[in-house]
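Please read the notes with the sequence and the model open beside them.

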Amino acid sequence: MEVPLLKQLYEKCSRQGLVLISVSIDEDLKVMQSVITRRAMTWPQIGDGKGPGTEIARLYGAGSGTHFVIDREGKIAGMHRGSGGVPGMARLAERLLTNR
């Protein structure tokens, strides 16, 4: 499950400038809010209730469990789907944070 790994990353790196934003592709915003509350996700969450057809999902090929690392210039530095990629994404984020 990627949420515990994302929580660790956020707690470790948010003071160094890491910004973590989750994009929900849930069609029911009440379900989205329930997940946020149940998993104690303290970083910003966005969702429009349009499901996988939401514009951000189409533009970036994002789906459930898609993670992006954005560099300081606002460019996508890395992307991975699924929880298996979170450790690699964390290493990339930490490397970008130390290369100011």
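**Around helix α2**

After α2 comes A40, a residue with a positive phi near 50°. The model described here is a predicted one.

**Ends of α2**

- The phi of A40, near 50°, is a positive value in a residue that is not glycine.
- A40 has a relative accessible area of 37%, so A40 is classed as partly exposed, between the limits of 20% and 50%.

**Overall fold**

- The protein contains four helices and four strands.
- Read from the N terminus, the order of these elements is α-β-α-β-α-β-β-α.
- The radius of gyration of the protein is 13 Å, which agrees with the value near 13 Å for a compact globule with 100 residues.
- Along the principal axes, the C-alpha atoms of the protein fill a box of roughly 40 × 30 × 20 Å.
- Of the 100 residues in the protein, 30% are buried.
- Among contacts between residues at least 6 apart in sequence, 44% join residues at least 24 apart.

**The largest pocket**

- The largest pocket holds about 1200 Å³ of space.
- Its lining is made up of 43 residues, and those closest to the pocket centre are L20, I21, S22, V23 and T66.
- By type, the lining of the largest pocket has 27 nonpolar, eleven polar and five charged residues.
- At least two lining residues come from each of α1 (2-13), β1, α2, β2 (45-46), α3 (55-60), β3 (66-70) and α4 (86-98).
- β3 gives the largest share of this lining, with five residues.

- S24 belongs to the loop between β1 (22-23) and α2 (29-38).
- Is S24 buried or exposed? S24 is buried, because its relative accessible area of 13% is under the 20% limit.
- The side chains of S24 and D26 are joined by a polar contact of 3.0 Å.
- Setting aside residues up to four places away in sequence, S24 touches M32, I46 and G47.

**I46, in strand β2**

- I46 is part of strand β2.
- The relative accessible area of I46 is 42%, which makes I46 partly exposed.
- Which residues does I46 touch, not counting residues up to four places away in sequence? They are I21, S22, V23, S24 and M32.
- I46 and I25 are 21 residues apart along the chain, and their C-alpha atoms are separated by 9.0 Å.

- P44 is found in the loop that runs between α2 and β2.
- P44 is partly exposed, at a relative accessible area of 45%.
- Apart from neighbours within four places in sequence, P44 is in contact with L20, I21 and S22.
- Between the C-alpha atoms of P44 and V23 the separation is 8.8 Å, although the two residues are 21 residues apart along the chain.

- T54 lies in the loop between β2 and α3.
- T54 counts as buried because its relative accessibility is 3%, under the limit of 20%.
- With neighbours within four places in sequence left aside, the contacts of T54 are I25 and D48.

Notes: Residues numbered from 1 in each chain as written. Predicted model: local features only at pLDDT ≥ 70, side-chain atom pairs only at ≥ 80, totals over all residues. Heavy atoms only, no water. Buried < 20%, exposed > 50% of the residue type's maximum accessible area, 1.4 Å probe, protein only. Polar contact = N/O pair within 3.5 Å; in protein donor to acceptor, adjacent residues only side chain to side chain. Contact = heavy atoms within 4.5 Å. 1 Å grid on protein atoms, 1.4 Å probe; cavity = no way out; pocket = protein on both sides within 12 Å on 5 of 7 lines; lining within 4 Å. Points joined across faces, edges and corners; volume = space filled by probe spheres on them. Nonpolar A, V, L, I, M, F, W, Y, C, P; charged D, E, K, R; others polar. Rg over C-alpha atoms; globule rule 2.2 N^0.38 Å.
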